[in-house]
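Please look over the model shown here before reading on.

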Amino acid sequence: MGGVDEDEPPSKRMKLSSGELRGLSNGLSLTEPVVGSLGDTMACPLPSEENEEIVGSRGIIKRMEFVRIIAKALYSLGYTKSGAHLEEESGIPLHSSAVSLFMKQILDGNWDDSVLTLHKIGLPDEKIVKCASILILEQKFFELLDGERVMEALKTLRTEIVPLCINSSKVSELSSCIVVTSQSARHSQGFVRAKSRSKLLEELQKLLPPAVMIPERRLEHLVEQALDLQRDACLFHNSLEGEMSLYTDHQCGKDKIPSRTLQILQAHTDEVWFLQFSHNGKYLASSSSDQSAIIWEVLNGENSLTFFSVRLPEGLREIMRINVNGGVSLKHKLSGHQKPVSHVSWSPDDHQLLTCGVEEAVRCWDVSSGECLRIYEKAGVGLVSCGWSPDGKCVFAGITDRSIYMWDLGGKELECWKGQRTLRISDLEITSDGNQIISICKDTAILLLDREEKAEKFIEEDHTITSFSLSRDCRFLLVNLLNQEIHLWKIEGEAKLIAKYKGYKRERFIIRSCFGGFEEAFIASGSEDSQVYIWHKSSGELIDVLPGHSGSVNCVSWNPANPHMLASASDDRTIRIWGLNEMNISQCKATHPNGIRYCNGGT
């Protein structure tokens with residue numbers, strides 16, 4: 001594959017490496033009592049938190065908070081009697097008597113009394129009391145207007161709201177509502193109207209301290225948070241949350257990681273340098289030193305069979321027929337480039353594909369027909385990379401003179417960024433908002449060019465950069481380096497190095513890595529030792545190494561629609577499709593001349 005000295009950037013011949021709260025929105029559909037329904041028990045204040053009893057083996061859970069949150073959850077689920085019995089038996093009320101009275105007054109529309117009660121709850125922050133009072137009085141104001149009681153609404157505004165409200169624009173907004181006296185006219189002109197009282201209570205609940213009014217769905221939030229932490233700590237989690245259970249601590253097995261070769265594709269006649277799944281996961285595109293690119297179609301699994309064989313005595317072989325649950329078949333072989341094809345890039349809608357020849361031209365292909373729609377080129381220079389604008393209306397390319405060009409789909413040149421914008425061998429990405437162009441601008445630096453602000457920022461590395469990959473959410477960048485490390489950068493806001501991945505081999509060629517798996521929780525990379533390496537993104541732990549290829553693995557791509565499908569491209573001229581070990585295997589005895597059935601474009 002051609003080597004380079006360690007002192008030089010890799011150059012793979014190009015290729016470098018009411019009484020009750022009912023029907024409240026947002027889960028406030030509680031039937032929890034708003035006044036004491038259990039006599040003195042419910043009327044008593046909340047117990048003091050001093051010297052409070054602790055529950056749980058680790059001594060960090062306060063019993064009173066624990067019981068109140070459980071009671072809140074019971075009421076939220078509609079188990080009113082169970083919630084009330086829990087309060088009675090534990091002696092711990094969900095709310096103090098003042099808070100219960102306050103909630104009832106809000107739902108009943110007793111605005112003046114509710115403001116008085118608010119002051120008796122004992123809130124330490126006067127700003128909260130003031131803000132809550134304004135919310136209540138605004139509700140009173142709008143309900144008076146809706147009831148055509150304009151003079152009373154005006155009095156409320158002048159004598160109650162204005163003394164509390166320092167926001168002059170809010171006062172002006174409320175005053176304008178009085179000018180339009182007709183309720184229908186106010187609504188037709190877009191003026192704010194009275195919200196439901198349950199909605200008001202929900203807003204007040206968010207404003208008051210959680211110890212006074214426990215937030216809605218607090219127990220659900222704690223459980224979801226615990227599940228998230230367990231999932232993030234699980235090295236092999238690669239499936240939907242629906243598979244998680246509350247009955248046991250979550251721990252996936254290694255069988256959730258694609259680690260078994262399901263297919264070997266050998267339609268290319270020379271080294272395979274690059275491959276990439278489409279955004280919808282229905283196609284795979286590959287490019288090769290054989291001057292061609294191939295569009296592969298991902299099958300739905302119903303008729304996708306791959307054959308593996310084991311040699312048996314007397315010349316017979318045992319054939320294992322495996323349903324690969326989504327195999328890959330050749331759709332189009334794209335010919336026309338006069339040099340090796342180094343890059344491919346899918347349009348945002350996956351209807352078109354760009355292919356880039358080494359310092360040659362960029363071709364645009366129709367995915368459905370395989371027809372070449374247009375050639376993008378510049379006289380006297382070659383193109384080294386390609387990409388799409390997020391709306392699919394523009395094509396970008398890196399040029400050998402280190403500039404970046406943008407064309408419309410018809411081939412009209414729209415914009416050019418000259419100077420040291422890209423290297424002769426470089427990757428190119430455009431963020432999903434279309435604002436940033438990302439390219440390797442120096443041996444040890446990546447340029448993030450803001451098109452809107454016309455500003456530049458850089459990611460600086462200590463070693464030569466050979467390739468990079470952008471995450472789907474455009475928040476992270478994966479950078480492969482000459483020193484056999486892969487660095488993870490957060491590029492949202494100020495760029496920051498957050499993780500390093502080690503273990504793969506790179507001495508002479510461009511090796512590419514990718515994000516992948518469920519919520520892109522994994523990092524996969526090729527390697528010059530003919531293996532695929534997989535790390536857990538958050539922990540940085542190497543979790544699997546996949547043997548199988550017989551040449552350097554140059555590029556990997558994880559199917560964005562199927563976390564259990566991974567593809568790898570190699571100098572051995574093949575592409576391997578990796579899947580889970582969980583497969584339906586049926587056995588039969590037969591003679592099979594090739595051992596393993598390779599897919600070379602036939603069916």
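What follows is a short report on selected local features of this model.

**Confidence**

The model is predicted. Mean pLDDT for the protein chain is 83. Of its residues, 80% reach 70 or more.

**Ala285**

Strand S5 covers residues 283-288 and includes Ala285. Is Ala285 buried or exposed? Its relative accessible area is 0%, so Ala285 is buried; the cut-off for buried is under 20%.

Which residues does Ala285 touch, leaving aside neighbours within four places in sequence? The contacts are Phe274, Leu275, Gln276, Ile294, Val344, Trp346 and Leu353. Ile295 is ten residues away from Ala285 along the chain, yet their C-alpha atoms are separated by 4.6 Å.

**Helices H5 and H6**

Two packed helices are described by the angle between their axes and the distance between the axes. Helix H5 spans residues 111-120, and helix H6 spans residues 126-146. They pack at an angle of about 175 degrees, with axes 10 Å apart. H5 is therefore roughly antiparallel to H6, because angles over 145 degrees count as roughly antiparallel.

From H5, the contact draws on Trp111, Asp112, Ser114, Val115, Leu118 and His119. H6 supplies Val129, Ala132, Ser133, Ile136, Leu137, Gln139, Lys140 and Glu143. By type, the residues of this contact are seven nonpolar, four polar and three charged.

**Sheet S14 to S17**

Strands of a sheet pair through backbone hydrogen bonds, either parallel or antiparallel. Here an open sheet of four strands runs in the order S14-S15-S16-S17. Its pairing is antiparallel.

Which strands stand at the edges? They are S14 (383-388) and S17 (413-417). Each has a single partner strand, so one side of each lacks a neighbour in the sheet. On average, neighbouring strands of the sheet are turned by 20 degrees against each other, direction ignored.

The pairing of S16 with S17 can be followed in detail. S16 covers residues 404-408 and pairs with S17 over four bridges, in the antiparallel sense. Opposite Ile404 stands Trp417 in S17.

Technical notes:
Residues are numbered from 1 along each chain as its sequence is written. This is a predicted model: local features need pLDDT of at least 70, side-chain atom pairs count only at pLDDT 80 or more; totals for chains, interfaces and linings use all residues. Side-chain values use heavy atoms; hydrogens and water are left out. pLDDT is the predictor's confidence in each residue, from 0 to 100. Helices (H or I, at least four residues) and strands (E, at least two) are DSSP runs, numbered from the N terminus. Buried means under 20% relative accessible area, exposed over 50%, partly exposed in between (1.4 Å probe, protein chains only). Contact means heavy atoms within 4.5 Å. Axes are lines fitted to C-alpha atoms, for helices over the stretch in contact, and angles run from 0 to 180 degrees between N-to-C directions. Angles under 35 degrees count as roughly parallel, over 145 as roughly antiparallel, 65 to 115 as roughly perpendicular and the rest as oblique. Ala, Val, Leu, Ile, Met, Phe, Trp, Tyr, Cys and Pro count as nonpolar, Asp, Glu, Lys and Arg as charged, and the others, Gly among them, as polar. Two strands pair if DSSP finds at least two bridges between them.
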